[in-house]
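Open the structure in your viewer and keep the selection panel at hand. Each stop below names what to select and what to look for there.

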Amino acid sequence: MAKQRKIIHVDMDAFFASVEQRDFPELKGKPLIVGGQPDSRGVVAACSYEARKFGIHSAMSSARAYRLCPQAIFVRPRFEAYREASDKIREIFWRYASEVEPLSLDEAYLDVTYTEAFNGSATLIAKAIKNEILAETQLTASAGVSYNKFLAKIASDMDKPNGLYLIRPEQGQDFVSKLPIGKFHGIGPATEAKMKNLGIHTGNDLRQKTLTELNERFGKSGQYYYNIARAIDERPVRSQRIRKSLGKETTFAEDILSIPELTNILLGLAEQVIESLSKRNMQGRTVTVKVKYADFQQVTRAQTLEHSIGFADLQEWIPKLLARTEAGDKPVRLVGLSLSGFDLPVTVEKRQAQLDFKLTWK
């Protein structure tokens with residue numbers, strides 16, 4: 001009989017902001033925003049719990065955050081400090097877990113199924129990890145403990161900050177049954193609205209739908225929704241991931257309407273992407289152009305070729321893909337370019353998503 005899996009999801013509490021408040025004690029207890037300045041086109045990368053009380057959240061424009069809380073303190077991000085703290089935290093993870101799957105600088109899944117410490121109690125292991133993080137970094141973390149990644153992720157959000165929440169195997173289905181659909185990890189605002197239009201408001205409502213119905217409504221995601229409605233998630237915790245795409249993007253200080261200017265910017269990004277792929281001995285077959293308009297609406301346009309894409313191909317296809325957007329008619333605040341469909345997928349180092357923020361901090 002297979003051993004019952006024991007998965008922990010650890011999520012640092014207001015990570016960037018907490019590092020700032022730790023390093024600069026005068027910021028403790030104050031509404032703190034890490035990100036762009038309020039008079040810029042920047043956005044909120046993170047904020048303290050004191051700031052969250054005003055309705056501020058990550059990805060909100062800094063200007064709006066300032067309107068919600070004029071007394072907030074805005075600081076620019078210090079990614080090196082966050083990376084240093086993250087490295088120490090991951091070192092602690094490896095003391096207990098057989099597999100560690102970082103999702104970003106401040107959160108990770110841990111598989112402790114075969115960990116013998118604390119007689120194999122995942123809850124006590126999670127508590128020990130939290131205590132060691134606090135002792136060695138002066139930062140607090142919240143942890144969720146369960147038998148799969150989906151439930152562990154949700155559990156870590158149940159008792160923030162500095163929380164520890166357990167969902168036992170016999171509790172899984174009942175827990176999911178009562179959970180509002182908007183709380184499901186993997187169901188965003190658009191999908192939530194679509195589900196509610198179909199009368200799906202809770203996990204129990206979702207469970208009433210057949211796999212065929214879900215596949216018809218949600219395509220390839222149907223199977224995932226069918227499973228999580230039943231508290232089923234067989235995804236393993238993987239210490240390494242296969243990179244599916246590689247890209248670059250940039251946010252402008254001022255909106256751009258000129259197609260030639262946007263084309264040149266995308267070609268500049270293309271050079272960087274090609275160089276990055278070359279260093280990894282990788283080649284892609286699909287190019288994707290991303291455009292975000294001044295009204296924050298976002299579109300992507302992609303083209304797959306029969307051969308590996310070189311810079312000459314990008315010179316040809318970037319204008320064609322850009323022409324399939326409303327760029328030139330609508331002002332643009334951000335463009336991005338990525339390559340995917342790799343001929344030689346390779347294993348990459350630990351993911352550090354927060355370091356990939358392409359934000360304007362002016």
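Predicted model: local features only at pLDDT ≥ 70, side-chain atom pairs only at ≥ 80, totals over all residues.

**Stop 1: the largest nonpolar core**

Select Ile8, Phe15, Phe16, Tyr82, Phe93, Leu110 and Ile133. These have the most contacts inside the largest nonpolar core, a set of 38 residues. The helices are H1 (15–23), H4 (79–93) and H5 (122–137). The strands are S1 (7–12), S2 (32–35), S3 (44–47), S6 (107–111) and S7 (141–146). Which element gives the largest share? That is H4, with seven residues.

**Stop 2: Tyr82**

Leave aside residues up to four places away in sequence. Tyr82 then touches Phe15, Phe16, Val19, Glu20, Val34, Arg76, Pro77 and Leu105.

Before moving on, select Phe252, Leu269, Tyr293 and Leu314. They are among the 29 residues of another core, which lies apart from the largest one.

**Stop 3: H4 against H5**

Show H4 and H5 together. Their axes come within 10 Å and cross at roughly 145 degrees. The crossing is right-handed. For the side chains, select Lys88, Ile89, Ile92 and Phe93 on H4; they meet Ile129, Glu132, Ile133, Glu136 and Thr137 on H5. Colour this contact by residue type: five are nonpolar, one is polar and three are charged.

**Stop 4: H1**

Select H1. Is this helix mostly covered or mostly open? Mostly covered: seven of its nine residues are buried. Pick them out as Phe15, Phe16, Ala17, Ser18, Val19, Glu20 and Gln21. Then show what surrounds them. The buried residues of H1 pack against the strands S1, S2, S3 and S4 (73–75), and against the helices H2 (49–52) and H4.

**Stop 5**

For Cys47, the nearest cysteine sulfur is that of Cys69, 9.8 Å away. For Cys69, the nearest is that of Cys47. Now switch to a surface view. Cys47 is buried, with a relative accessible area of 2%. Cys69 is buried too, at 0% relative accessibility.

Terms used
Residues numbered from 1 in each chain as written. Heavy atoms only, no water. Core = buried A, V, L, I, M, F, W, Y, C linked by side-chain atoms within 4.5 Å. Buried < 20%, exposed > 50% of the residue type's maximum accessible area, 1.4 Å probe, protein only. Helix = DSSP H or I, 4+ residues; strand = E, 2+ residues; numbered from the N terminus. Contact = heavy atoms within 4.5 Å. Axes fitted to C-alpha atoms, helices over the stretch in contact; angles between N-to-C directions. Left-handed = near helix turned anticlockwise from the far one by under 90°. Nonpolar A, V, L, I, M, F, W, Y, C, P; charged D, E, K, R; others polar. Disulfide = S-S within 2.5 Å.
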